[in-house]
Amino acid sequence: RTRQRPEGSLEPQPVERAALAAGINTFTRGPAAVLGLVGPPGSGRTTELAALAARRRRDGQPTLWLRGSELRDGDASVADAAHRALNRAAPAVAASAPAGPGDITPELLAHLARSEGRPLLLLLDGPEEMPPALARRPADWMDGTVRWLRETGARLVVACRAEYWETAPF
């Protein structure tokens with residue numbers, strides 16, 4: 001479906017990809033922990049993540065967006081980046097959660113979301129941009145990530161190039 005542009009606007013508006021949205025919705029209701037959103041640069045991966053985040057925000061679904069450049073050399077899993085992101089967002093998160101700012105963790109958020117039947121969804125955009133030291137040990141990081149996802153009931157959508165996804169041991 002297409003969207004009308006505001007009067008006088010020359011900026012193109014995204015077009016919803018209904019089949020892709022349906023596939024992502026199926027993933028979030030299913031048993032899989034990780035979904036790959038794969039395509040070349042400029043194919044709309046980030047745009048689709050933004051649309052997904054907006055849909056989930058409208059529906060009150062917990063979502064945390066991370067970028068590959070936010071990962072750090074010593075990260076054991078995606079949870080480490082999620083902790084940093086929540087620390088940055090602590091004032092806003094604390095205003096809507098039943099805990100103090102220092103008490104909000106990805107594990108607590110995932111538990112609260114799971115108890116309400118709405119899994120926490122992590123969006124990882126551009127994991128190819130992870131630091132070199134972390135990129136040299138992808139299996140350890142990915143194993144830790146999958147273990148954490150399974151323990152918490154959280155889900156992960158990875159938006160990346162085909163070359164990354166083909167070698168990712170998820």
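Me: Leaving aside neighbours within four places in sequence, which residues is Thr-152 in contact with?

Reply: Contact here means heavy atoms within 4.5 Å. With neighbours within four places in sequence left out, Thr-152 is in contact with Glu-107, Ala-110 and Arg-114. Keep in mind that this is a predicted model, where local features need pLDDT of at least 70 and side-chain atom pairs count only at pLDDT 80 or more, while totals for chains, interfaces and linings use all residues. Residues are numbered from 1 along each chain as its sequence is written, and side-chain values use heavy atoms, with hydrogens and water left out.

Me: Where does Thr-152 sit, and is Thr-152 buried or exposed?

Reply: Elements are DSSP runs numbered from the N terminus: helices are H or I with at least four residues, strands are E with at least two. Thr-152 is in helix H7, residues 138-152. As for burial, under 20% relative accessible area is buried, over 50% is exposed, and in between is partly exposed (1.4 Å probe, protein chains only). Thr-152 comes in at 7%, so it counts as buried.

Me: At what angle do H5 and H7 pack?

Reply: Think of each axis as a line fitted to C-alpha atoms, for helices over the stretch in contact, with the angle between N-to-C directions running from 0 to 180 degrees. For H5 and H7 the angle is about 45°, and the axes are 9 Å apart. That makes H5 oblique to H7; the label goes to whatever is left after under 35 degrees (roughly parallel), over 145 (roughly antiparallel) and 65 to 115 (roughly perpendicular).

Me: Which residues of H5 and H7 meet?

Reply: From H5 you get Pro-106, Glu-107, Ala-110 and Arg-114, and from H7 there are Trp-148, Glu-151 and Thr-152. To sort them, count Ala, Val, Leu, Ile, Met, Phe, Trp, Tyr, Cys and Pro as nonpolar, Asp, Glu, Lys and Arg as charged, and the others, Gly among them, as polar. The contact of H5 with H7 then has three nonpolar, one polar and three charged residues.

Me: How far apart are the axes of H3 and H5?

Reply: They are 9 Å apart, with helix H3 (residues 78-88) and helix H5 (residues 106-115) packing at about 90°. H3 and H5 are therefore roughly perpendicular to each other. On the H3 side the contact uses Ala-79, Ala-82, His-83 and Leu-86, and on the H5 side Pro-106, Glu-107 and Leu-109. By class, that gives five nonpolar, one polar and one charged.

Me: And H1 with H2: at what angle do they pack?

Reply: Helix H1 (residues 18-29) meets helix H2 (residues 45-58) at about 60°, with axes 11 Å apart. That makes H1 oblique to H2. Leu-20, Ala-21, Ile-24 and Thr-28 of H1 make the contact with Glu-48, Leu-52, Arg-55 and Arg-56 of H2. Their classes are four nonpolar, one polar and three charged.

Me: Take Leu-52: what does it touch beyond four places in sequence?

Reply: Leu-52 touches Ile-24, Leu-121, Leu-123 and Val-157. At 2% relative accessibility, this residue of H2 counts as buried.

Me: What about Leu-66, buried or exposed?

Reply: Leu-66 is buried, at 0% relative accessible area, and its place is in strand E2, residues 63-67. Beyond four places in sequence its contacts include Val-78, Ala-81, Ala-82 and Ala-85, along with Leu-123. Leu-66 and Ala-81 lie 15 residues apart in sequence and 7.2 Å apart in space, C-alpha to C-alpha.

Me: Now Glu-163: buried or exposed?

Reply: Glu-163 is exposed, at 53%, and sits in helix H8, residues 162-167. Its C-alpha is 9.2 Å from that of Pro-40, 123 residues away along the chain.

Me: How many helices and strands does the protein chain have?

Reply: There are eight helices and four strands, running α-β-α-β-α-α-α-β-α-α-β-α from the N terminus. Of the chain's 170 residues, 41% count as buried. Among contacts between residues at least 6 apart in sequence, 69% join residues at least 24 apart.
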